[in-house]
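Morning, everyone. Let me put the structure on the screen, and then I'll walk you through it.

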Amino acid sequence: MSEAKRLAGEKAIDYVEDGMIVGVGTGSTVAFFIDALARIKDRIAGTVSSSEQSTQRLRAHGIEVLDLNSTGPLSLYVDGADECDGHKRLIKGGGAALTREKIIAEASKTFVCIIDPAKRVDVLGKFPLPVEVIPMARSLVAREILARTGAQPVWRDGVTTDNGNWILDVHGLAIVDPVGLERELNQIPGVVSVGLFARRPADVVIVGGEPPIVL
Ligand code: 5RP
């Protein structure tokens with residue numbers, strides 16, 4: 001599977017143009033993209049990173065990491081996903097970086113999602129849906145999610161996000177209305193962000209393989 005991730009990550013370099021500031025996601029597939037980006041680092045103007053993990057990898061390659069507040073809108077964002085449906089709607093947040101990922105996706109004109117074939121699904125929700133919560137609201141949000149969806153939120157114990165928050169993973173969803181569920185869960189007080197990328201899906205999906213498939 002890591003070979004498929006590598007092929008997807010390397011294919012995404014096709015979308016990087018000279019002088020761009022590139023939004024960079026998080027995860028093992030993105031790590032291959034970062035390594036490929038390092039080979040053309042002199043052609044780009046810098047990056048905006050979605051996590052401390054990616055920032056470390058970018059800086060280790062000598063790639064500049066900029067503050068989104070100083071860059072303005074981005075042309076390109078490249079990130080992985082935990083699930084992807086036929087409408088390029090995603091579940092993300094397996095790496096607990098969903099909030100910054102969502103911010104950069106929103107700031108970007110083109111969101112290129114890089115996945116291995118196992119991430120493709122007909123209906124989102126087999127992968128437990130990550131929800132980032134303010135720590136004091138963990139139990140409240142869990143009760144609300146159970147009441148509203150009937151699905152089971154499980155605290156990702158021991159994980160604190162880069163923003164100092166906690167993650168609930170919601171098990172047992174079959175998400176037939178991703179935009180509606182994203183909107184509904186976003187309204188619960190204490191929810192920072194929901195790992196459903198449906199209102200703002202990916203624009204391009206690259207499925208790693210020999211050759212990669214571009215959707
Ligand atoms: C991190 C993410 C990742 O993109 C997602 O978990 C996929 O990771 P990987 O490329 O390691 O399979 O959303 O928050």
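The protein is divided into domain 1, residues 2-119 plus 199-214, and domain 2, residues 129-195. Those bounds come from an automatic or database domain assignment. The C-alpha centres of domain 1 and domain 2 lie 24 Å apart. Their contact takes 16 residues from domain 1 and 19 residues from domain 2. Contact here means heavy atoms within 4.5 Å.

A word on the source. This is a predicted model, where local features need pLDDT of at least 70 and side-chain atom pairs count only at pLDDT 80 or more, while totals for chains, interfaces and linings use all residues. Residues are numbered from 1 along each chain as its sequence is written, and side-chain values use heavy atoms, with hydrogens and water left out.

Now the whole protein. There are seven helices and 13 strands. Helices (H or I, at least four residues) and strands (E, at least two) are DSSP runs, numbered from the N terminus. The radius of gyration is 17 Å, close to the 17 Å that the globule rule gives for 215 residues, so the protein is as compact as a globular protein of that length. That radius is taken over C-alpha atoms, and the rule is 2.2 Å times the number of residues to the power 0.38. Buried residues make up 53% of the 215. Buried means under 20% relative accessible area, exposed over 50%, and partly exposed in between, with a 1.4 Å probe and protein chains only.

Next, helix α2, residues 28-38. Is it enclosed or open? Eight of its eleven residues are buried, so α2 is largely enclosed by the rest of the structure. Among the buried ones are F33, I34 and L37. The cover over the buried residues of α2 includes α1 (2-11), α3 (52-60) and β3 (74-79).

Look at I63. This residue lies in the loop between α3 and α4. At 4% relative accessibility, I63 counts as buried. Leaving aside neighbours within four places in sequence, I63 is in contact with residues including I34, L37 and A38.

On to strand β3. Five of its six residues are buried, so β3 is largely enclosed by the rest of the structure. β1 and β3 pair in the parallel sense over three bridges. Two strands pair if DSSP finds at least two bridges between them. V24 has V78 in β3 as its bridge partner. β3 also runs parallel to β6, joined by five bridges. Y77 stands opposite F111 in β6.

Last stop, the open sheet of four strands. What is the strand order? The order is β8-β9-β7-β10, with antiparallel pairing. β8 (152-155) and β10 (191-194) stand at the edges with a single partner strand each, so one side of each is left without a neighbour in the sheet. Neighbouring strands are turned by 30 degrees against each other on average, direction ignored. Axes are lines fitted to C-alpha atoms, for helices over the stretch in contact, and angles run from 0 to 180 degrees between N-to-C directions.

Three bridges join β7 (residues 129-133) to β10. Helix α7 (residues 178-186) lies across β7 and β10, running at about 170 degrees to β10.
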